[in-house]
Amino acid sequence: MIESIKGSVVFITGASGGIAQALIPALAARGAAKIYAAARDISSLAGSPTVMPVKLDVTSDDDAAKAAALATDVTLLINNAGVNHNTGFMLAADVAMAREEIEINYIGPLRVTRAFAPVLIRNKGAVLNLLTILARVNLPFMGSYCASKAAALSLTQGLRADLAPKGVRVAAAFPGAIDTRMTAVLTIPKMTPADAATEILDGFEAGEEDIYVGDMARGLAEGLKHDPKGIERQLASG
Ligand SMILES: NC(=O)c1ccc[n+]([C@@H]2O[C@H](COP(=O)([O-])OP(=O)(O)OC[C@H]3O[C@@H](n4cnc5c(N)ncnc54)[C@H](OP(=O)(O)O)[C@@H]3O)[C@@H](O)[C@H]2O)c1
């Protein structure tokens, strides 16, 4: 089971996104040997001797199978791709956006991890899932996003039980707000993607299973320990 980034071979989904674009140079700086940068549109991704763009839509079984057949040397799978429609359960016109969040944020990492499981087991590797502190408590104005990430948290726990006996570590990051395209509509304090990447990789290299990223996430996690109903009410009040 890997803990150090040095010498690792990373496969990261949603590589065109804000956090991934900070994680990729941070992984390279810590000595990752190779980084497969997977995105549904790779036209904007710069390749290099270390970074190899790969086409992958996390909603496609075919893309996932092809990626796992190509990248047989992967030791660290980072399930980072995600979508947030910033919509409440009752405000959305129908359930289409909630369904898409479930498909990308929960079924996506399930699909990609299933495809890479044989590779990760053979290489005694690791999975790192990008969740959110809102996987642990619902923020109603983006309620369906939180529900999809709660499903991804449950997925993370189940995968850990399935894969740890086979030598694969399963970790998860729980960030608060980070300044990317996903949070462009929010006027609240946000971490920079670079600071978030540092904390995520520090936590991973420290051997943490649950990596709380930023003061907002750590504060909410502390509150959930002592007063979970209070935190639920606090977020419900906006
Ligand atoms: N920003 C935050 O405050 C925050 C906080 C906690 C957790 N997170 C999580 O961190 C992860 C990265 O988010 P971010 O902030 O970097 O957001 P972002 O900049 O919007 O990036 C999201 C990425 O996911 C990709 N994606 C969406 N649907 C996909 C699909 N079907 N197949 C493949 N890739 C797909 C996007 O690709 P396209 O470029 O093709 O759209 C984009 O690269 C997400 O899982 C998010 O939930 C973010």
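Mentor: One term before we start. A polar contact is a pair of N or O atoms within 3.5 Å; within protein, one must be able to donate a hydrogen and the other to accept it, and residues adjacent in sequence count only if both atoms are side-chain atoms. Also, this is a predicted model: local features need pLDDT of at least 70, side-chain atom pairs count only at pLDDT 80 or more, and totals for chains, interfaces and linings use all residues. Residues are numbered from 1 along each chain as its sequence is written, and side-chain values use heavy atoms, with hydrogens and water left out.

Trainee: Which elements give two or more residues to the shell around the ligand?

Mentor: Helices α1 (18-29) and α4 (143-163). Helices here are DSSP runs of H or I, at least four residues, and strands are runs of E, at least two, numbered from the N terminus.

Trainee: How many residues surround the ligand?

Mentor: 27, and the closest are Ser16, Asn80, Tyr145, Ile178 and Thr180. To count, a residue needs a heavy atom within 4 Å.

Trainee: New topic. Is aspartate 63 buried or exposed?

Mentor: Aspartate 63 counts as buried because its relative accessibility is 12%. Buried means under 20% relative accessible area, exposed over 50%, partly exposed in between (1.4 Å probe, protein chains only). The residue lies in helix α2 (residues 61-70).

Trainee: What does the side chain of aspartate 63 reach?

Mentor: The backbone nitrogen of aspartate 57, at 2.9 Å.

Trainee: Now backbone angles. What is phi of asparagine 86?

Mentor: Near 50°, a positive value in a residue other than glycine. Asparagine 86 sits in the loop between β4 (76-79) and α3 (96-122). At 21% relative accessibility, it counts as partly exposed.

Trainee: And lysine 124?

Mentor: Lysine 124 has a positive phi too, about 50°, although it is not a glycine. Its loop runs between α3 and β5 (126-130). Lysine 124 is partly exposed, at 42%.
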